[in-house]
Amino acid sequence: MDSDRPTITLNDAPQPAAPPPAAQTVVDSLGRKLTLRELSLLQETDLIVAMPPPHANNSMALGRALLAARVASIDGEPMDIPLGAPSYRAMLQQVGKEGLTAVIIAVTPADEATSDKELAKN
């Protein structure tokens, strides 16, 4: 009967790590060079904890904050993930609407961006 059971073999040998994705860089309408990053689950959670409760419970504010937090640097100056309300507000101020717009364009798939432009014409 034991021969009917599948055999599972565990490989404890370290697996080679995948190379990190190349950093994506965009330029906003102010001419600032923004380097983007992917956020880890822990970074996303830290950001949510840093946000004041009314903001963290508002899907629009949360979405904007998650997009703004993808900015790793502006013109070479590093941007940290906020760990409190003051640094959360400072992040939004530094990225600004121009930076946020550049991030949205950079992370939106081309076909979705095209359909949004078509909708905007109507």
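Predicted model: local features only at pLDDT ≥ 70, side-chain atom pairs only at ≥ 80, totals over all residues.
View 1. When neighbours within four places in sequence are left aside, A65 is in contact with L47, M51, Y88, M91 and L92.

View 2. Helix α3 spans residues 59-68, and its buried residues are A61, L62, A65 and A68. These residues are on the same side of α3, because the arc that they cover around the axis is only 130 degrees. An α-helix has 3.6 residues a turn, so residues three or four places apart point the same way. The exposed residues S59 and M60 are carried on the face of α3 that is turned away from its buried side. Among the elements that cover the buried residues of α3 are α1 (41-50), α2 (53-56), β3 (71-74) and α4 (85-107).

**View 3. The start of helix α3.** Here a side-chain oxygen of N58 reaches to within 2.9 Å of the backbone nitrogen of M60, and M60 is one of the exposed residues on the face turned away from the buried side of the helix.

**View 4. The packing of α3 against α4.** The axes of these two helices are 7 Å apart and meet at an angle of about 85 degrees; α3 and α4 are therefore roughly perpendicular to each other. From α3 the contact is made by A61, R64, A65, L67 and A68, while α4 contributes Y88, M91, L92, V95, L100, V103, I104 and V107.

**View 5. The largest nonpolar core and M51.** The largest nonpolar core has 22 residues, and those with the most contacts inside it are L34, L47, M51, V71, M91 and V95. At least two residues of this core are supplied by each of β2 (33-36), α3, β3 and α4, and the largest share, 6 residues, comes from α4. With residues up to four places away in sequence not counted, M51 touches A56, A61, L62, A65 and Y88. In soluble globular proteins, nonpolar side chains tend to be buried together.

Definitions and conventions
Residues numbered from 1 in each chain as written. Heavy atoms only, no water. Buried < 20%, exposed > 50% of the residue type's maximum accessible area, 1.4 Å probe, protein only. Helix = DSSP H or I, 4+ residues; strand = E, 2+ residues; numbered from the N terminus. Arc of directions from axis to C-beta. Contact = heavy atoms within 4.5 Å. Polar contact = N/O pair within 3.5 Å; in protein donor to acceptor, adjacent residues only side chain to side chain. Core = buried A, V, L, I, M, F, W, Y, C linked by side-chain atoms within 4.5 Å. Axes fitted to C-alpha atoms, helices over the stretch in contact; angles between N-to-C directions. Parallel < 35°, antiparallel > 145°, perpendicular 65-115°, else oblique.
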